[in-house]
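Good morning, and thank you for coming. Please look at the sequence and the structure on the screen while I go through them.

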Amino acid sequence: HILSNQQCNVGFFIKDKKNVIKKSKIIQTIDIFPSLACRYIKSKKNFSKFKFDGINSLFSNKKNTHTIAESIYLNKYEIAIRSENSMLYSIYKMDNNFKLSNEKSYVYDSKMKEIKNYKFNNKNKNLYKLKNKHLKNIK
């Protein structure tokens, strides 16, 4: 599918004299601009009035526990929520008013093998909570 690990795991390199970014660090694309702005803009006073969805996850101790990837194409909306060892992938039909319906969800392990007969536990419920929270924010 379009939001598979092969499509969403993108190499990222930045050379910085003060900071070393760990290869294993989870970075969302939405965090790149706020991170670079916090690090390189000299006048943070002018910059602080803007609100960004992302966080400075590159040059701070803040960590992402998950990533969110989305795709909208014609009348289909897809969302993938990834944590360290699992992924929730949901597909919706979308009407012209961006109302979502007919959800189909799948859960995959870290090797992208579908987990059949998926049973909820506290760790897995978090993926659904993250998805629902994100969907509320985009409406």
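I begin with a definition: two strands pair if DSSP finds at least two bridges between them. The strands themselves (E, at least two residues) and the helices (H or I, at least four residues) are DSSP runs, numbered from the N terminus. Please keep in mind that this is a predicted model, in which local features need pLDDT of at least 70 and side-chain atom pairs count only at pLDDT 80 or more, while totals for chains, interfaces and linings use all residues. Residues are numbered from 1 along each chain as its sequence is written, and side-chain values use heavy atoms, with hydrogens and water left out.

Let us take the strands. Strand 3 and strand 4 are antiparallel and pair over eight bridges. Within this pairing, leucine 88 has valine 107 of strand 4 as its bridge partner, and isoleucine 91 stands opposite lysine 104 in strand 4. On the other pairing, strand 2 and strand 3 also run antiparallel, joined by seven bridges. A hairpin of three residues connects strand 2 to strand 3.

How well covered is strand 3? Seven of its nine residues are buried, so that strand is mostly covered. Here buried means under 20% relative accessible area, exposed means over 50%, and partly exposed lies in between, with a 1.4 Å probe and protein chains only.

I turn to the loops. Phenylalanine 98 is found in the loop between strand 3 and strand 4. The hairpin of these two strands has five residues between them, and there phenylalanine 98 takes a positive phi near 65 degrees. This residue counts as exposed, at 55% relative accessibility. Leucine 74 also has a positive phi, near 50 degrees, although the residue is not a glycine. Leucine 74 sits in the loop between strand 1 (67-73) and strand 2, and is exposed, with a relative accessible area of 68%.

Next, the interior. In soluble globular proteins, nonpolar side chains tend to be buried together. A nonpolar core is a set of buried Ala, Val, Leu, Ile, Met, Phe, Trp, Tyr and Cys residues joined through side-chain atoms within 4.5 Å. The largest such core in this model has twelve residues, among them Tyr77, Ile81, Leu88, Tyr92, Val107 and Leu130. Which elements give two or more residues to this core? They are strand 2 (76-82), strand 3 (86-94), strand 4 (100-109) and helix 4 (122-138). Helix 4 gives the largest share, four residues. As for leucine 130, beyond its neighbours within four places in sequence, this residue is in contact (heavy atoms within 4.5 Å) with His66 and Ile81.

Rings of Phe, Tyr and Trp (its six-membered ring) pair if their centres lie within 6.5 Å; planes under 30 degrees apart count as stacked, over 60 as edge-to-face and the rest as tilted. By this rule there are two aromatic pairs. One of them is tilted: tyrosine 77 and tyrosine 92 lie 6.1 Å centre to centre, with 45 degrees between the planes. Because tyrosine 77 belongs to strand 2 and tyrosine 92 to strand 3, the pair ties together parts that are 15 residues apart in sequence. The two tyrosines are also bridge partners. Tyrosine 77 counts as buried at 2% relative accessibility, and tyrosine 92 does so at 8%.

Leaving out residues up to four places away in sequence, lysine 131 touches Ile79, Ile81, Leu88, Ser90, Tyr92, Glu103 and Ser105. Its side chain joins that of glutamate 103 in a polar contact of 2.4 Å. A polar contact is a pair of N or O atoms within 3.5 Å; within protein, one must be able to donate a hydrogen and the other to accept it, and residues adjacent in sequence count only if both atoms are side-chain atoms.

Aspartate 109 is partly exposed, at 26% relative accessibility. A polar atom of its side chain lies 2.9 Å from the backbone nitrogen of lysine 111. Not counting residues up to four places away in sequence, aspartate 109 touches Asn85, Ser86 and Ile115. Thank you for your attention.
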